[in-house]
Amino acid sequence: MTISLPPETSSPPRLQPSGWLRYFSFSVDHKVIGLQYLVCGFVFYLIGGALAGAIRTELTSPVSDFMARDVYNQVLTLHGTVMIFLWIVPVVNGAFGNYLIPFYVGARDMAFPRLNAVAFWLIPPAGLMLITSYFLTGAAQSGWTAYPPLSITTPATGQIIWILSVLLLGGSSIFGGINFIATILKLRRPGLKLMQLPMYCWAMLGTSILVVLSTPVLAGTLVLLSFDIVAHTGFFNPTLGGNVVVYQHLFWFYSHPAVYIMVLPAFGLVSEILPVHARKPLFGYVTMVYSIMAIVVLGLIVWAHHMFTSGTPPWMRLFFTIATAFIAVPTGIKFFNWLATLWGGRISLNSAMLFSCGFIVNFVLGGITGVALAQVPFDIHVHDTYFVVAHFHYIVFGGSVFVIFASVYHWYPKFTGRMLNEDLGRLHCALTFIGFNLCFGPQHWLGLNGMPRRVAEYDPQFTLINQISSVGALLMAISTLPFLWNVIHSALNGPVAGDNPWKALTPEWLTSSPPPVENWIGEAPLVEEPYGYGVPPGELDLSAASGRDLWSSGK
Amino acid sequence: MTTTVPIKEQEHSHGEHAGHPDHRMFGLATFLVADAMTFAGFFAAYLTFKAVNPLPDGAIYELELPLPILNTVLLLVSSATFHRAGQAIRQDDHGRCRRWLLITAGLGMAFLVSQMVEYFTLPFGLTDNLYASTFFAATGFHGLHVTLGALMTLIVWWQARQPQGRVTAADHFPLEAAELYWHFVDGIWVILFVILYLL
């Protein structure tokens with residue numbers, strides 16, 4: 001392995017602030033923008049978490065005593081919107097995508113650096129607008145789905161502010177998606193083939209295709225919804241001859257792919273982390289790539305499985321059930337590929353690896369309930385109950401958020417040049433894993449027994465299970481404390497990491513920590529085998545190797 | 001295996017430098033795919049309404065064809081004139097290029113005027129019924145695109161005033177971008193015309 005050595009050509013100075021001030025500037029450096037996304041997203045995660053805490057506090061008793069019912073509706077709407085649009089989507093896409101993708105394609109920056117900065121700076125105002133609506137006139141009350149006629153009949157101002165901020169966030173997402181597609185397809189360094197790219201590039205390419213194809217549909221739909229609210233048109237208003245089911249179709253045409261927009265990048269990130277800490281090549285690279293693309297295609301044609309109780313005709317139910325069940329195939333391929341990557345590896349059980357393993361466990365549970373929910377007879381039984389809440393959180397928290405934490409532990413040395421405290425990291429992981437499963441596991445039971453979601457009051461027979469769930473939520477809140485202490489304390493006092501503390505092969509590690517402004521002093525390295533662990537260089541042709549070769553060579 | 005191969009100076013430089021590889025047309029094309037999906041959402045809504053929501057009793061939703069056909073012709077001709085402007089700039093003929101750009105913008109504005117005339121002569125208004133609302137939403141959103149496109153064309157016309165300006169025979173990204181956008185807006189109109197007026 002040769003790493004390019006510096007011919008000491010420093011990059012030309014640029015008219016931008018240096019030091020910590022650059023994180024508050026309109027910087028066009030992809031690394032600065034990535035960390036801006038990450039920290040901004042984490043602030044919103046704390047806000048969304050506080051909102052979740054309010055929900056779980058209310059639900060410790062079967063009567064509405066902690067807050068008024070309309071406040072409860074606002075809190076759950078804000079919780080959903082903040083967590084999806086301001087935390088998970090910006091962080092798994094914007095934060096890690098901006099930081100890593102230029103490294104992975106061997107570029108100095110994204111294809112459109114200024115558009116990139118614009119995309120980030122749309123987020124803080126949109127988030128502030130959304131949250132201040134609660135203090136001004138009351139936030140939207142119709143959930144993150146904003147289904148009419150509820151969204152037309154609840155107070156209009158909060159709903160309009162909600163629509164405006166989601167439109168801004170959607171615009172940010174589309175600009176980001178365009179940038180990722182252009183960077184991955186057009187900005188690869190000469191000699192780097194598509195099938196040599198680290199898996200996260202493929203995940204981001206698939207995600208960005210979904211973003212570009214589906215987000216505009218949501219934007220158009222929300223514009224029509226705002227006409228219904230402001231101009232009293234009747235697109236989705238049944239009393240004016242409109243059709244609410246059309247809203248649901250258009251909304252889910254975005255919002256089902258949105259689940260993949262949240263989880264495909266997480267697949268990519270975990271595919272980067274596992275090989276490094278198991279010292280094994282990523283198992284089944286080619287099948288991973290094809291499964292990502294299969295998920296992209298299938299993800300666009302399954303949306304109506306959210307609408308089995310909306311009077312969908314039988315042929316539609318049949319089609320969407322079958323299409324949804326098909327998604328289990330590529331997802332299963334990825335799941336078994338991760339297991340095979342771990343199999344026989346020299347696994348170091350550090351925080352990044354533990355969070356990744358937690359992801360695999362949680363995600364397969366969420367996937368199983370997902371396949372169950374795709375079956376019409378079962379779905380009709382549990383539709384709009386806590387079973388759906390449990391399933392969804394197993395995917396987005398147990399899936400995406402676990403991977404976000406794994407990624408922070410994995411890339412923190414690159415971001416800051418310092419190591420995190422592993423003991424605190426393991427404590428964080430244990431608390432999060434126990435708290436998460438204690439919080440959302442029992443909700444399956446609640447849903448199966450008929451507790452509806454999004455209601456502040458419930459049948460007193462569910463009290464004990466709800467209290468157990470709330471204890472889990474409290475544990476998750478507590479688990480954030482060691483993490484916060486760890487990232488702040490280690491940034492100042494952590495042991496110095498060096499360039500490549502994990503001895504990883506992907507290109508972001510082949511430069512200093514933190515990297516220089518244009519990523520590499522001198523030429524960008526050409527990494528042809530980003531997962532060539534455990535074998536002498538050149539002996540293994542990843543594209544041709546069978547599983548057996550990889551397994552035996554990993555030992 | 002990691003090897004180091006020198007990369008070309010062009011790839012070497014940063015976004016802020018002149019040598020940053022130019023993928024703006026690719027980015028614009030990707031954006032137009034996204035834009036097309038917004039229209040696809042409107043069209044899908046319209047077609048679904050048509051399939052399942054009957055027109056309420058007494059409601060009027062009648063579209064006359066002559067004016068929209070004129071509009072279609074205006075836009076198709078303007079696409080051709082913009083193409084001629086592109087040919088002219090590649091032959092380094094700024095005068096001819098600017099004439100064609102002005103004609104294109106004029107045709108676009110004629111389209112907008114004609115669309116306005118149609119709006120004011122229609123027997124229904126925005127909130128009269130579902131079809132009326134969808135008609136105004138789709139054509140209005142398209143009209144917004146035509147307005148933007150005409151403005152962009154005029155900006156290019158202004159930028160092309162000097163032979164050494166932003167628009168030259170060798171480097172005419174503003175013109176290329178506006179042209180692609182203009183053809184896109186025309187293409188959307190043809191689909192819109194078929195779905196809203198003919199079906």
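In chain A, helix H4 (residues 123–136) packs against helix H6 (residues 156–186) at an angle of about 165 degrees, and their axes are 9 Å apart. The structure is a predicted model. Angles over 145 degrees count as roughly antiparallel, and H4(A) and H6(A) are therefore roughly antiparallel to each other. Their crossing is left-handed.

On the H4(A) side, the contact is formed by Ile123(A), Pro125(A), Ala126(A), Met129(A), Leu130(A) and Ser133(A). These meet Gly158(A), Ile161(A), Trp162(A), Leu164(A), Ser165(A), Leu168(A), Leu169(A) and Ser172(A) of H6(A). Sorted by class, the contact of H4(A) with H6(A) holds 10 nonpolar residues, four polar ones and no charged ones.

## Helices H9 and H10

Two further helices of chain A, H9 (residues 285–299) and H10 (residues 314–342), pack with their axes 9 Å apart, at an angle of about 155 degrees. That angle makes H9(A) roughly antiparallel to H10(A). H9(A) passes H10(A) in a left-handed crossing.

From H9(A), the residues in the contact are Thr287(A), Met288(A), Ser291(A), Ala294(A), Ile295(A) and Leu298(A). H10(A) contributes Ala323(A), Phe326(A), Ile327(A), Pro330(A), Thr331(A), Ile333(A), Lys334(A) and Asn337(A). The residues of this contact between H9(A) and H10(A) comprise nine nonpolar, four polar and one charged.

## The two contacts by class

The contact of H4(A) with H6(A) has no charged residues, whereas the contact of H9(A) with H10(A) has one.

Methods. Residues numbered from 1 in each chain as written. Chains lettered and ligands numbered in written order. Predicted model: local features only at pLDDT ≥ 70, side-chain atom pairs only at ≥ 80, totals over all residues. Axes fitted to C-alpha atoms, helices over the stretch in contact; angles between N-to-C directions. Helix = DSSP H or I, 4+ residues; strand = E, 2+ residues; numbered from the N terminus. Parallel < 35°, antiparallel > 145°, perpendicular 65-115°, else oblique. Left-handed = near helix turned anticlockwise from the far one by under 90°. Contact = placed C-beta atoms within 7 Å. Nonpolar A, V, L, I, M, F, W, Y, C, P; charged D, E, K, R; others polar.
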